[in-house]
Amino acid sequence: MNKKWWKEAVVYQIYWRSFNDSNGDGYGDLRGIIEKLDYIKNLGIDVIWLNPFYQSPDRDNGYDISNYYVIMEKAGDMEAFDELIHEIHQRGMKVIMDLVVNHTSDRHPWFLESRSSKNNPKRDWYIWKDPKDGREPNNWRSYFAPACWELDKATGQFYYHSFAVEQPDLNWENPELRQEIYKMMRFWLDKGIEGFRMDVINLLAKREDLSDAEDPYDISYLANNPGIHDYLQEMHREVLQHYDVMTVGEIPFVSPEEGLLYVDESRNELNTLFHFQVADEMPVWDMLRFKEIQTSWYNGLKQKGWNSQFLNNHDHTRQVTRYGNDGQYRDQSAKLLAAMIHTLPGTPYIYQGEEIGMTGVRFDSIEDYNDIAMKNKYHEEVSKGRDPKEVFESLLLLSRDNSRTPMQWNDSINAGFTAGDPWIKVNPNFREINVEAALNDPDSIFYFYKKLIELRKQNEVMVYGDYKDLLPDDEHLYVYTRSYNDVTWLIVLNHGDEQQTFTFDGFANRELILSNYQNDFDTNEEILLPHEARIYEILRN
Ligand code: GLC
């Protein structure tokens, strides 16, 4: 596979509103990020992904944009942005921004114009349909609401929204709209950013056939519709090919076969993708399923396209809580998951706080939560007469706020995140789990990440190596090799609370590179302790 900087990179995701508040308003901000760049650099990061900070009524935490050219006040202003980019580049890092072009806010001037009358020139920039028998055009649901249609009383038509009512979808069939988006992308690229994380990018094309879905709850009809690849190829031609950038598409509802269409290097669409076979489709850890997913994506993209590796982000509960053990074995488990993500094929992503093993949160009341997906679902279910407490409990594990609590910097008030009132409560475990403590402990999760990142820089096998799962049917151990030229690495992971045995047959001559337990080999190397992770190099005789 040809070599690229974004294949070799490690990406750090900054959910800025929860990262570091520089002005005491309770929200993190761009200047707050600048204050922490040395910390990120120290970890070894190459690329920073920033969640959206465009002007927005903020119904969906910045994913409802009302002006693509203005910075949201909570985040700062254009001067702060320029300074941030400069400071990131000064430290030899790159930056990618969220590109949210499936929908805008309902307060975006384009939408205000579009809804103002049926013959407004921008009517066609959004998707409007007549009622069917006085009702919604069909039975489709949206991500955040019981229907993907909302009636505009004034004009008597429904508009289409894949997410909340306040997030009308743009009509990508309109060429003028597409040019406007490309212009906006060039604006940011010309400011010096190095790429985009593209929000739900495979939702841009809509189905023409509006007949009812058999199962409206399976909302995959919102994605991967005919025309999508034409749009992405056009975007590449018009914008992306003129810059040395990294693009990563957020692509729900895809198999490896379909995924390849988005990232096949010969097709000129996107560089890499986030598929959601794990984060959306595997609610709790399932070893056999996880291995199957890894193997099928590896085979599916092999030599043609590039994958990404992540287990959590701002939409998905923190990995050590959801997929690991955030109790007795939190330290080992966080390290094991890190070792896994950084040795599987694809570019690894770290979501802020993951590198110190931050955990998911459980607040006591729905009032403590802010996530529009969770709140809308709560109200929908309660209005059907379900017991509020039961509904609340059922939504806790997957609430997106699990991973949105403030970054835990130290053990002072509000975990050092803000001098004001944080927009969302801090996880009460910040006195124990925080950056300051991690930096003071040479065995911390932080330094384990740092070591993994260093290894990636020194060993191409971690980036370009072939992948082979040696125990596809083992429910406890995950053992695989990566091989590149004449180097072979063996990764042995015991993802569980019980100890396990691995006999190393065929790998007699080996050298340990990294492990998450210290000096445990005095006894028997074949015994793997709970959540033990080891990386070996296999030596030739
Ligand atoms: C993506 C974002 C999520 C947002 C949604 C709508 O899934 O990651 O946070 O709510 O798109 O833009």
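Guide: Let us start with burial: a residue is buried when its relative accessible area is under 20%, exposed when over 50%, and partly exposed in between, with a 1.4 Å probe and protein chains only. The model is a predicted one, in which local features need pLDDT of at least 70 and side-chain atom pairs count only at pLDDT 80 or more, while totals for chains, interfaces and linings use all residues. Residues are numbered from 1 along each chain as its sequence is written, and side-chain values use heavy atoms, with hydrogens and water left out.

Visitor: Why is E381 called buried?

Guide: The relative accessible area of E381 is 9%, and the limit for buried is under 20%, so E381 counts as buried.

Visitor: What makes E381 and K377 a salt bridge?

Guide: The term requires a side-chain nitrogen of Lys or Arg within 4 Å of a carboxyl oxygen of Asp or Glu. The N to O distance between the side chains of E381 and K377 is 3.3 Å, and the pair therefore meets the rule. The two residues are four apart in helix α12, which means that about one helical turn separates them. K377, at 27% relative accessibility, counts as partly exposed.

Visitor: Which residues are joined into one network with R386 and E390?

Guide: R386 and E390 form a salt bridge whose closest N and O atoms are 3.4 Å apart; R386 is partly exposed at 32% relative accessibility, and E390 is partly exposed at 44%. Through salt bridges that share partners, one network joins R141, K377, E380, E381, K384, R386 and E390.

Visitor: Why is α11 described as largely enclosed?

Guide: Of the 14 residues of α11, 13 are buried, so the rest of the structure largely encloses this helix.

Visitor: What makes one space a cavity and another a pocket?

Guide: On a 1 Å grid over the protein atoms alone, a cavity is a set of points where a 1.4 Å probe fits but cannot get out, whereas a pocket is an open set with protein on both sides within 12 Å along at least five of seven lines; a lining residue has an atom within 4 Å of a point. Grid points are joined across faces, edges and corners, and a volume is the space filled by probe spheres set on the points. The largest pocket holds about 1,200 Å³ of space and is lined by 39 residues, with Y143, F144, I219, D280 and A373 nearest its centre. Helix α12 gives the most to this lining, with five residues.
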